[in-house]
Amino acid sequence: MRLLAPILVLALGLVSCAEPVPETYTEDTRNDFLTACTSPQADGLGHIKLCQCTYEKLKATIAYPRFVEIERLFVVNQRTPLPDEVAQVLADCIVEEVEL
């Protein structure tokens, strides 16, 4: 999971660059997240299914205002540890999508 956490950090940080901030998850939020998550700067791993799973689970389990709050933490400091709820989503998706 340590190798994949930077992907999520990058994705969360880049999604927050979009303006203005909507009140709920949008198609733009999804597209920005997936683009950032699968970009070459995300260690070139491009785990599309893992990124899709992560986004969908974040959307289903984390209220949008909390998602924005988490994004802002990563904009300020990309070394911010993943909050427990995000780490759990990532772990669940790794198990489901990578079939560990």
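Student: Why is leucine 50 called buried?

Tutor: The term buried applies under 20% relative accessible area, and leucine 50 has a relative accessible area of 5%, so the label follows from the value. Please keep in mind throughout that this is a predicted model.

Student: Which residues of H3 are buried?

Tutor: In H3 the buried residues are Leu50, Cys51, Cys53, Thr54, Tyr55 and Leu58. As background to such a list, residues three or four places apart point the same way, because an α-helix has 3.6 residues a turn.

Student: What makes leucine 34 a buried residue, and where is its place?

Tutor: Leucine 34 lies in helix H2, and its relative accessible area is 13%, which is under the 20% cut-off, so leucine 34 counts as buried. Not counting residues up to four places away in sequence, leucine 34 touches Cys51, Gln52 and Tyr55. Between leucine 34 and leucine 50, which are 16 residues apart in sequence, the C-alpha to C-alpha distance is 9.8 Å.

Student: What describes the way H2 and H3 cross?

Tutor: Two packed helices are described by the angle between their axes and the distance between the axes. For H2 (residues 27-37) and H3, the axes come within 9 Å and cross at roughly 145°, and the crossing is right-handed. On the H2 side the contact involves Thr29, Arg30, Phe33, Leu34 and Cys37, which meet Cys51, Gln52, Thr54, Tyr55, Glu56 and Leu58 in H3. The residues of this contact divide into 6 nonpolar, 3 polar and 2 charged.

Student: Why is isoleucine 70 called buried?

Tutor: Isoleucine 70, whose place is in helix H4, has a relative accessible area of 1%, and as this is under 20% the residue is therefore buried.

Student: Threonine 80 is in a loop; is threonine 80 buried or exposed, and why?

Tutor: Its loop runs between helix H4 (64-76) and helix H5 (84-98). The relative accessible area of threonine 80 is 17%, and since buried means under 20%, threonine 80 is buried. Leaving aside neighbours within four places in sequence, threonine 80 is in contact with Leu73 and Phe74. Threonine 80 and isoleucine 70, 10 residues apart in sequence, are 9.5 Å apart from C-alpha to C-alpha.

Student: How many helices and strands does the chain have, and what share of its residues is buried?

Tutor: The chain has 5 helices and 0 strands, in the pattern α-α-α-α-α along the sequence, and buried residues make up 41% of its 100 residues. Of the contacts between residues at least 6 apart in sequence, 70% join residues at least 24 apart. The chain exposes about 5,900 Å², of which carbon and sulfur atoms supply 54%.

Note on methods
Residues are numbered from 1 along each chain as its sequence is written. This is a predicted model: local features need pLDDT of at least 70, side-chain atom pairs count only at pLDDT 80 or more; totals for chains, interfaces and linings use all residues. Side-chain values use heavy atoms; hydrogens and water are left out. Buried means under 20% relative accessible area, exposed over 50%, partly exposed in between (1.4 Å probe, protein chains only). Helices (H or I, at least four residues) and strands (E, at least two) are DSSP runs, numbered from the N terminus. Contact means heavy atoms within 4.5 Å. Accessible areas come from the Shrake-Rupley method with a 1.4 Å probe; for residues, only the protein chains shown count as cover. Axes are lines fitted to C-alpha atoms, for helices over the stretch in contact, and angles run from 0 to 180 degrees between N-to-C directions. A crossing is left-handed if the near helix is turned anticlockwise from the far one by less than a right angle, and right-handed if clockwise. Ala, Val, Leu, Ile, Met, Phe, Trp, Tyr, Cys and Pro count as nonpolar, Asp, Glu, Lys and Arg as charged, and the others, Gly among them, as polar.
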